[in-house]
Amino acid sequence: MSAHPHLTEEQIQGLADGTLRGPEGMAAREHADACAECSAEQSMYGALVQRLTTLQDPTLPADFTAGVLQAVEHREHALTQRRHTLLAAIPAALVGVFAILGWALSAAPTAHLDGFLEMWTVGRHVVSAAAPVLEAARLPLGLGAFVFAAAILCILARALRLRPGTVPAHASP
Ligand SMILES: [Zn+2]
């Protein structure tokens with residue numbers, strides 16, 4: 001047994017993580033079982049390997065994907081709930097508008113409606129009566145406006161022309 005050299009680091013690692021198999025693994029295990037030094041080194045490597053595997057686990061827990069999915073689902077659920085709230089608010093708003101309209105009409109229904117209808121019919125009558133008159137009187141109105149403007153220009157021109165004349169007429173006698 002003492003003739004056997006100590007296990008190499010590679011062999012001890014292979015024993016620790018279980019990758020050293022076959023007759024070489026058997027011989028290495030036999031040596032480690034008999035040799036306190038190699039056995040201690042192997043148990044140290046074994047602890048290291050165990051810690052490494054336990055170190056890898058916390059970085060990605062088993063429920064990581066489930067947690068992410070749950071968060072996404074929760075967020076989506078909140079979004080759909082908000083959408084539902086909005087969709088539910090539309091009919092509520094419509095009901096509110098109709099309620100206000102109904103209240104305004106029911107407060108004085110005849111006054112509102114009669115006033116509106118009266119104004120509407122009066123306006124329509126005025127427009128329908130005035131339309132042909134305006135249509136027929138467009139040419140006379142245009143001519144009248146032209147004549148009126150010409151008359152005013154003539155009066156203005158005469159007044160401007162007369163004023164210098166009247167001044168000497170008053171001054172001469
Ligand atoms: Zn040894």
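Which residues of H2 are buried? Ala-28, His-31 and Ala-32 are. Buried here means 20 or more other C-beta atoms within 10 Å of the residue's own; exposed means 12 or fewer, and partly exposed lies in between, with C-beta atoms placed from the backbone.

## Model and numbering

This is a predicted model: local features need pLDDT of at least 70, side-chain atom pairs count only at pLDDT 80 or more, and totals for chains, interfaces and linings use all residues. Residues are numbered from 1 along each chain as its sequence is written.

## Overall make-up

The chain has six helices and zero strands. Helices (H or I, at least four residues) and strands (E, at least two) are DSSP runs, numbered from the N terminus. Of the 173 residues in the chain, 6% are buried.

## Helix H2

H2 has 13 residues. Its first and last C-alpha atoms are 19 Å apart, close to the 18 Å expected at 1.5 Å a residue. That expected span is 1.5 Å times one less than the number of residues.

The buried residues of H2 are Ala-28, His-31 and Ala-32. They line one face of the helix, because they fall within an arc of 100 degrees seen down its axis. The arc is taken from the directions between the helix axis and the C-beta atoms. Exposed residues on the other side of H2 include Pro-23, Met-26 and Glu-30.

## Helix H1

H1 covers residues 9–17. Gln-11, Ile-12, Leu-15 and Ala-16 are buried in this helix. Their arc around the axis is only 135 degrees, which puts them on the same side of H1. On the other side, Glu-9 and Glu-10 are exposed. Just after H1, Gly-18 has a positive phi of about 80 degrees.

## How H1 meets H2

The two helices pack at an angle of about 95 degrees, with axes 10 Å apart. H1 and H2 are therefore roughly perpendicular to each other. Gln-11, Gly-14 and Leu-15 of H1 make the contact with Gly-25, Ala-28, Arg-29 and Ala-32 of H2. Axes are lines fitted to C-alpha atoms, for helices over the stretch in contact, and angles run from 0 to 180 degrees between N-to-C directions. Roughly perpendicular covers 65 to 115 degrees. Contact means C-beta atoms, placed from the backbone, within 7 Å.

## The nonpolar core

The largest nonpolar core has seven residues: Leu-7, Ile-12, Leu-15, Ala-16, Ala-28, Ala-32 and Cys-38. H1 supplies three of them, the largest share. Such a core is a set of buried Ala, Val, Leu, Ile, Met, Phe, Trp, Tyr and Cys residues joined through C-beta atoms within 7 Å.

Note on methods: Parallel < 35°, antiparallel > 145°, perpendicular 65-115°, else oblique. Contact = placed C-beta atoms within 7 Å.
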